Amino acid sequence: GCVMIIMFGVAAAADYSGMVSKKADLRDQVDNATLSAAVKKADNQLNPDFNLEQAVEDALVANGYDLAIGSRTVTEDQGILTVAVNVPHKLTFGKLLGSPTKNIKIDSTVDANGGEKYEIALVLDNTRSMGYDGRIGALKTSGVEFIRTIRDTNSGTRIALVPFARYVNVGIHNRNEPWIDVPEEYSTEKTWQQATHSCESTTYEPTTLTRDGVEYTYDKEVCHGRTTTYETQSETVESTFEGCVGVRENGLHLVDGSYTLERVPGLLNTEPHEHTGHNIDIDTYCPRPIIPLTDNYERLEDQMVKVFPTDSTYIPLGLSWAYRVLSPGEPYADYNPSEGAQRIVVLMSDGENTVAVDDSPASENKYENPPYLKKLEDDEVATQANADTLIMCNLLKSEGIKIYTIAFQVRDELTKEILQSCASSSAGFYDADSGESLSRSFKSISGKMKSELRIVR
């Protein structure tokens, strides 16, 4: 009698262990298949021929499930996809135990209409070098594709646009906000002698220059036998605020806060030397205005296609304003975090930092809008700006913000290393060497967001 009891116990334990293993395998197969089918459904929301049951079957087969065994049901209710399977499991000692098989039931439920909610800041390099080789056009196309993908698959997700160059543009409408200090606008009467040159003959010589870290070659016109005449000209120059801002002094250029202690310096579009007393005019070039978080995708697309290349590269400023649009309080006091939303930064740059913060007394005396972001020499490494970039990346990540980075036709290996270190994971860094590769990078990022659907049992 004892021997029989032991035999039954051993048989039951062996079959139980086998059934647990089989159930775990089935759970993985069904969960993965349900997630895959949910992603396909999100991708095909506008496709009237999409067959959800067929998508589930295809996904089950792809995950090793045998459609010939057992039964399954696929249901969808108010955007919730449920796949349930009932599979007979053959027991090794079934006859001994009086039951040759035992059914294993698995069900998996997923939000079939989209993924998690996100709050995404697109931090986009809009510097002068983006004007070469069709880069700005590739960015417009890829950016619009990204926005449309998020629109179609992630209901409730909001996106912010943060174009950056040497400076950023917060919009003229913010000129009277308590966190910004806009200089008084003025007009200047300029008078000068306009030179007119004439040449006995001209030739053209190939010449190579470097702008914002990128070399380009053009045919330079060379004048032979030049004569010059002069004519008095005059105009009124309006020095106005067009939304452009610089960085704060006293170590606050990377800080989001303490705006009562020091406000963000607004910059006038131009300051003629006749007004300042210096020997050069100071011109401020800014990209398109920042668009705070919004789910108005039509507005986002409209602004995306209007971006343009200008001036030099200062990546930390783009990241610091991404932090601001993703954080409560000033400067975006009306920001209300979406409950449970994952905050994301997508940083794209096509080259190295090429400016540095200069808040020295000499800079204050010379430029009147301290601290001035001065352009570095072409062969000078932007040590401070590179360090600030990593400081901002680490700050964002410490706040739970996930970072994706794209190096778009970047030739500088140090900059690639910085962007790779900035990403939240090695899989979050993309090295895009062409417009097509840039598009694939944005698609991969949006695809990862779609694939982060979660099982809701």
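Select Tyr 132, Tyr 216 and Tyr 218 to begin: these residues form one aromatic cluster. Rings of Phe, Tyr and Trp (its six-membered ring) pair if their centres lie within 6.5 Å; planes under 30 degrees apart count as stacked, over 60 as edge-to-face and the rest as tilted. By this rule there are five aromatic pairs.

The model is predicted, so local features need pLDDT of at least 70 and side-chain atom pairs count only at pLDDT 80 or more, while totals for chains, interfaces and linings use all residues. Residues are numbered from 1 along each chain as its sequence is written, and side-chain values use heavy atoms, with hydrogens and water left out.

**Helix 7**

Next, select residues 315–325, which make up helix 7. Helices (H or I, at least four residues) and strands (E, at least two) are DSSP runs, numbered from the N terminus. 11 of the 11 residues of helix 7 are buried, so the helix is largely enclosed by the rest of the structure. Buried means under 20% relative accessible area, exposed over 50%, partly exposed in between (1.4 Å probe, protein chains only). Among the buried residues of the helix are Trp 321 and Arg 324.

Show the side chains of Trp 321 and Arg 324. The charged end of Arg 324 sits over the ring of Trp 321, 4.4 Å from its centre. For this, NZ of Lys or CZ of Arg must be within 6 Å of the ring centre and within 35 degrees of the ring normal.

How are the rings of Trp 321 and Tyr 332 arranged? Their centres are 6.3 Å apart and their planes stand at 85°, so the pair is edge-to-face. Trp 321 belongs to helix 7, whereas Tyr 332 is in the loop between helix 7 and strand 17, 11 residues apart. Both Trp 321 and Tyr 332 are buried.

Stay in that loop and select Pro 331, which lies between helix 7 and strand 17 (342–349). A cis peptide bond joins Glu 330 to Pro 331, with omega about 5°.

**Two residues with positive phi**

Go to Asp 311, in the loop between helix 6 (297–304) and helix 7. Phi of Asp 311 is near 60°, a positive value in a residue other than glycine. Asp 311 is buried, at a relative accessible area of 4%.

Then pick Ser 258, in the loop between strand 12 (241–245) and strand 13 (264–268). Ser 258 is not a glycine either, and has a positive phi of about 60°. Is Ser 258 buried or partly exposed? With 39% relative accessibility, Ser 258 counts as partly exposed.

Two strands pair if DSSP finds at least two bridges between them. Strands 12 and 13 run antiparallel and are joined by two bridges.

**Thr 157**

Finish at Thr 157, in the loop between helix 4 (135–153) and strand 5 (158–164). Thr 157 is buried, with a relative accessible area of 0%. Contact (heavy atoms within 4.5 Å) is made by Thr 157 with residues including Glu 116, Ile 150 and Asp 295, not counting residues up to four places away in sequence. A polar atom of the Thr 157 side chain lies 3.0 Å from the backbone nitrogen of Tyr 118.

Conventions. Polar contact = N/O pair within 3.5 Å; in protein donor to acceptor, adjacent residues only side chain to side chain.
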